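Hello,

Please find the structure below, handed over for your own work. My notes on it follow.

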Amino acid sequence: MFEALLRRLTAPTPDRLAAPDAALALAALLVRLARADGDYAPSEVARIDRVLAARHALSPSAAAQLRAQAEVLEAQAPDTVRFTRALKDATALEDRAELVQAMWSVALADTTRDAAEDQLMRLVSNLLGLTDQQSALARQKAAQA
């Protein structure tokens, strides 16, 4: 089901993702982040669903369906770097801070800061072209929301 998307993501020079594939890749990245600490908490699942619903104007059931597809894709995907590169190519620079803010909201959903999640956030923020300061600002906004 996801073979074509995985082939595009793992290509030496991936093409820009169309909106549905970009949404699925973002969802898979959110799932990967939530799973990074080894505890895929219900609060993180619920936060992913809310982020996807808000970001893509989806109903709660459509957001949950997208997340379920992303869980399968995330389990099959080779690495975070390719996901992030594809998202960077598919997302305008001004929207990347919103992506990082959404990721921070998932990382903070279980009210526990974990070293694995922090490490993944640093990697992804850097790969998206954001500075540590921009990531910290996104984290603060996510914590306040």
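**Notes on the model**

At 71% relative accessibility, A57 is classed as exposed, because the cut-off for that class is over 50%. Keep in mind throughout that this is a predicted model. A57 sits in the loop between helix 3 and helix 4. Its phi is near 50 degrees, a positive value in a residue that is not glycine. For background, most residues other than glycine have a negative phi.

Helix 4 covers residues 60-76 and contains E71. Is E71 buried or exposed? With a relative accessibility of 18%, E71 counts as buried, since the limit is under 20%. Leaving aside residues up to four places away in sequence, E71 touches V31, R35 and Y40.

Helix 2 spans residues 19-35 and has 17 residues. From its first C-alpha to its last, helix 2 reaches 24 Å, close to the 24 Å expected at 1.5 Å a residue.

On to the pockets. The largest pocket has a volume of about 210 Å³. Which residues line the largest pocket? They are R47, V51, A54, R55, E98, Q101, A102, S105, A142 and A145. By class, the lining divides into 5 nonpolar, 2 polar and 3 charged residues. Helix 3 (42-56) and helix 6 (93-107) each supply at least two residues of this lining.

Regards

Definitions and conventions: Residues numbered from 1 in each chain as written. Predicted model: local features only at pLDDT ≥ 70, side-chain atom pairs only at ≥ 80, totals over all residues. Heavy atoms only, no water. 1 Å grid on protein atoms, 1.4 Å probe; cavity = no way out; pocket = protein on both sides within 12 Å on 5 of 7 lines; lining within 4 Å. Points joined across faces, edges and corners; volume = space filled by probe spheres on them. Helix = DSSP H or I, 4+ residues; strand = E, 2+ residues; numbered from the N terminus. Nonpolar A, V, L, I, M, F, W, Y, C, P; charged D, E, K, R; others polar. Expected span 1.5 Å × (residues − 1). Buried < 20%, exposed > 50% of the residue type's maximum accessible area, 1.4 Å probe, protein only. Contact = heavy atoms within 4.5 Å.
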